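Please look at the sequence and the structure shown here. The report that follows takes up the ligand and then the two chains.

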Number of protein chains: 2
Amino acid sequence: DLHPHENYFSRETLDRQSGKRTDKVWLEAKQSDSESVYLLFSNLSPMVRTQQEDGSEAQGDMKLCRFRYEEVKDLLLKPSTVTIFLGIEKTVNPSSSFSSEKAESLSEPPVWFAINTDEDAAALLERCREKNCSFPRSPNRDLLKLSEEEAGVVAQARSVLAWHSRYSFCPTCGGATKMEEGGYKRSCLNSECRSLQGVHNTCYPRVDPVVIMLVIHPDGNQCLLGRKKVFPVGMFSCLAGFVEPGETLEEAVRRETEEESGVKVGPVQYVSCQPWPMPSNLMIGCLAVAVSTDIKVDENEIEEARWFPRQQVIDSLFRGDRSVFVIPPRQTIAHQLVRHWICMNSNL
Amino acid sequence: DLHPHENYFSRETLDRQSGKRTDKVWLEAKQSDSESVYLLFSNLSPMVRTQQEDGSEAQGDMKLCRFRYEEVKDLLLKPSTVTIFLGIEKTVNPSSSFSSEKAESLSEPPVWFAINTDEDAAALLERCREKNCSFPRSPNRDLLKLSEEEAGVVAQARSVLAWHSRYSFCPTCGGATKMEEGGYKRSCLNSECRSLQGVHNTCYPRVDPVVIMLVIHPDGNQCLLGRKKVFPVGMFSCLAGFVEPGETLEEAVRRETEEESGVKVGPVQYVSCQPWPMPSNLMIGCLAVAVSTDIKVDENEIEEARWFPRQQVIDSLFRGDRSVFVIPPRQTIAHQLVRHWICMNSNL
Ligand SMILES: Nc1ncnc2c1ncn2[C@@H]1O[C@H](COP(=O)(O)O)[C@@H](O)[C@H]1O
Ligand SMILES: Nc1ncnc2c1ncn2[C@@H]1O[C@H](COP(=O)(O)O)[C@@H](O)[C@H]1O
Ligand SMILES: [Mg+2]
Ligand SMILES: [Mg+2]
Ligand SMILES: [Mg+2]
Ligand SMILES: [Mg+2]
Ligand SMILES: [Mg+2]
Ligand SMILES: [Mg+2]
Ligand SMILES: [Zn+2]
Ligand SMILES: [Zn+2]
C-alpha cells in the first residue's frame with residue numbers, strides 16, 4: 001500500500017546501478033542469466049495479468065508478467081527490439097510479494113530488463129503460461145492498477161522505452177543513432193555530427209518537468225480546481241502545466257495558473273513529486289496561495305474552473321460524495337495534494 | 001541586486017504571453033514594430049557590452065546590446081536565422097534601469113525577440129553603435145555578469161535558441177522540421193510522421209531537471225562538498241546530477257549522492273531552484289541529511305569530496321578566506337544552498 005506522503009509511480013524498487021551501464025561484459029552476462037527478469041512491452045504497454053476476469057479496477061489487481069531469458073531470447077536478437085537495463089532487485093524483506101528471489105538464496109539478486117517489441121501482440125501473449133494476460137490499451141488509466149513496487153518499475157521502464165521509440169534519429173543531423181549504456185544513451189552514428197561534441201543533451205533520455213498546483217483562495221477555505229473536456233463527467237483536478245525553458249518552478253506555477261484560470265498566485269510551496277511515464281513527465285506538486293479570485297478560463301485548455309469550499313472537498317474525498325464533483329483517484333498526485341491541504345492547517 | 005532567496009537567472013522580467021505565440025498576425029506586426037527590442041546571439045552567445053575595458057568580473061558590469069527592427073531586418077530574412085518571441089516588458093517601476101520604455105509613454109510596452117545567427121561575428125559587432133561589445137566565449141562564467149533582469153531574459157532566450165540549434169531534425173523520422181509558435185514548437189514536415197500523432201514531446205523545447213544538494217552530516221555541523229577536475233583550484237561545490245526517467249527528486253538526490261560520494265542520504269528538503277541555460281537545465285536545490293559518513297568518490301565524475309565543518313564554510317563564505325577551500329560565486333545555487341544552511345538553525 002501507499003506509505004504516507006508517497007505517490008504512486010514513485011517507489012524505487014530496483015537499484016539502478018548506473019555504473020554497470022557501461023560494463024558491456026557484465027550486462028551481456030546478466031542478459032543471458034537464467035535468474036534475470038524480463039518485462040515485455042508492446043507499443044509501450046507492459047504485458048500484465050489481471051487477478052479477476054471481470055477486470056476489477058482495484059489497485060494491485062494487475063501484475064506484471066515476468067519472463068526468463070529462455071522465453072525471450074529470440075526477441076532479443078531482432079533488430080527492432082529495444083532492450084534496456086533497469087537495475088538490480090534491492091535486497092528486501094523476503095516476505096515481500098515483489099521479490100522474485102528465494103529467501104534462502106545466496107546468489108546475487110536478480111537483474112531486471114525491459115523489452116519493447118513491435119511483434120504481433122497476440123503472438124506475444126501466447127508466450128505467457130499464465131491466464132488473463134493482456135497489454136492494457138489505456139496507460140493513463142490501466143497502469144494505475146499495479147502494486148506500488150511494480151508501478152515504480154513501470155515508471156522507469158516506460159519512460160526510457162518511450163524515449164527510444166520517439167528518438168531513434170539524431171535531432172542534430174537527422175542521421176541514425178545507436179543505443180548505448182544499457183539504454184540510457186543514444187549516440188549519433190555520423191562521426192562528423194555536432195552532437196558528439198561539446199555540451200548537449202540530445203544523447204540522453206528526456207524528463208519533462210511539469211508543475212501541478214493546488215491553488216488556495218486568499219480566505220484559506222476554498223481551493224481552485226479545473227476540468228478539461230476529456231475528463232470523466234464531474235471530475236475536477238489541480239491545474240498543471242509544463243515548466244518552460246529559463247523558468248523556475250515557482251514562476252511556472254504562477255504563469256500556468258494565470259494562463260489557465262486568470263487567478264494570480266503569490267507564495268508557492270513545494271509538497272512532493274510524481275513520475276508520470278506518459279511518456280516521461282515529472283509532476284512537481286505545489287501548494288500556492290491566490291492573491292486574486294476572479295476566474296477567467298483559457299477555453300483552449302480548460303472547460304471550467306471553480307473555487308471549491310473545504311467542506312465540498314471533504315465530502316468528495318472522504319465520503320465518496322459524487323454529487324458536487326469527483327476527485328481524481330488516489331494514485332494521482334492531484335488527489336494527494338488535495339488530501340494534503342485538507343489534512344493540514346487551513347493557513348499555509 | 002539579488003532579493004533574498006532569489007537565484008541568479010530566475011527573475012522573470014518579461015511577461016511570456018504564451019497566448020500570443022499562435023497569433024501570427026500580431027507576432028509579425030510586433031517583429032517590424034520600431035519599439036520592439038531584439039537581442040542578438042551568435043553561436044548561442046548574446047552580444048553584450050562591458051562597462052570597463054579591463055573586463056572586471058563584477059555583476060552588472062555587462063549589459064545586453066539591444067537592437068531595433070531596422071538594425072536587424074536583413075538578418076531576419078536569412079534562412080539560417082532563428083528568431084524567437086520572448087515576451088512583453090512587464091510594466092515596471094519607471095526608475096528601473098531595465099525598462100526600455102519611457103515613463104510617460106502611453107503605448108503598449110515593448111515586445112522582445114531574440115535572434116541566433118551564424119553570420120560572421122566580427123561583422124555582427126560592427127552593427128552596434130556602442131563600444132566594448134563582444135560575444136562572450138565562456139557562457140558558464142561570462143553570463144554571470146549581467147543584471148538580475150537581463151540574466152532572466154538570457155536564461156529563457158539561450159535555452160530556447162539552444163534547443164533550435166540542436167533539434168532541427170525530427171528525432172522520430174529524421175526529417176526536416178519547421179519552427180512554429182514564436183519558437184516554442186518545431187513540427188515535422190513529413191505529414192506521415194508519428195510525431196504528429198498522439199502524446200509526444202518531440203515538438204517542444206526541452207528542460208532537463210537536475211538535482212543539486214547540500215548534504216549535511218548526521219552531526220548537523222558539517223556539509224559534504226565535492227570538486228570536479230575542471231573546477232578552478234581550491235573550489236568545492238554541492239553534488240548534483242540529472243534526474244532520471246521514472247524517478248522522484250528525492251530519490252535522485254539519494255541516488256546521485258551515493259553514486260558520486262558513497263554517502264547515503266535520508267530526509268531531503270526542497271529549498272529553491274535555478275534555471276541554468278547551458279543549454280537548458282533546471283537546477284533543483286535541496287538540503288539532504290546524510291545517514292552514513294564514509295566517503296568513496298566516483299572517480300569518473302568527482303576528484304575529491306570532503307566533509308567541511310561549519311566554521312570553515314563560514315570563513316570561506318563570509319570572510320573570503322581561500323585557504324581551506326573556495327566556494328562558487330553567489331550567482332550559483334550551490335552558493336545559495338550553502339548560505340541557506342549557514343543562516344538557518346543547524347538542525348533540519
Ligand atoms: N514537453 C511537452 N510535452 C507535451 N506537450 C507540451 C510540452 N511542452 C509544451 N507542451 C504544450 O503544452 C500543452 C499543455 O499545456 P500545459 O500542460 O498547461 O503546459 C500541450 O498541449 C502542448 O501544446
Ligand atoms: N540531459 C543530460 N544532459 C547532459 N548530460 C547528461 C544528461 N543526462 C545524463 N547525462 C550524463 O550525466 C553526466 C553527468 O552526471 P550527473 O550530472 O551527475 O548526472 C554527463 O556526463 C552525461 O554522461
Ligand atoms: Mg495545463
Ligand atoms: Mg504550458
Ligand atoms: Mg497550460
Ligand atoms: Mg554530478
Ligand atoms: Mg547522473
Ligand atoms: Mg552523477
Ligand atoms: Zn547526428
Ligand atoms: Zn518526423
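This is a predicted model: local features need pLDDT of at least 70, side-chain atom pairs count only at pLDDT 80 or more; totals for chains, interfaces and linings use all residues.

| Side chain | Distance to an oxygen atom of ligand 1 |
|---|---|
| A:Glu260 | 2.7 Å |
| A:Glu301 | 2.8 Å |

Ligand 1 lies between chains A and B, and its surroundings, counted by heavy atoms within 4 Å, include A:Arg206, A:Asp208, B:His200 and B:Asn201.

Between the chains, 53 residues of chain B are in contact with 53 residues of chain A, contact meaning heavy atoms within 4.5 Å. The area buried between chain B and chain A, which is the accessible area (1.4 Å probe) that the two lose on being put together, summed over both, is about 4,600 Å², and carbon and sulfur atoms give 54% of this. Of the area that chain B buries against chain A, B:Arg166, B:Arg206 and B:Pro245 supply 17%, more than any other three residues.

Four salt bridges are counted between chain B and chain A, each being a side-chain nitrogen of Lys or Arg within 4 Å of a carboxyl oxygen of Asp or Glu; one salt bridge joins the side chains of A:Arg21 and B:Glu244 (2.8 Å, N to O).

Residues are numbered from 1 along each chain as its sequence is written, while chains are lettered from A and ligands numbered from 1 in the order in which they are written. Local features need pLDDT of at least 70, side-chain atom pairs count only at pLDDT 80 or more, and totals for chains, interfaces and linings use all residues, while side-chain values use heavy atoms, with hydrogens and water left out.

Conventions
A polar contact is a pair of N or O atoms within 3.5 Å; within protein, one must be able to donate a hydrogen and the other to accept it, and residues adjacent in sequence count only if both atoms are side-chain atoms.
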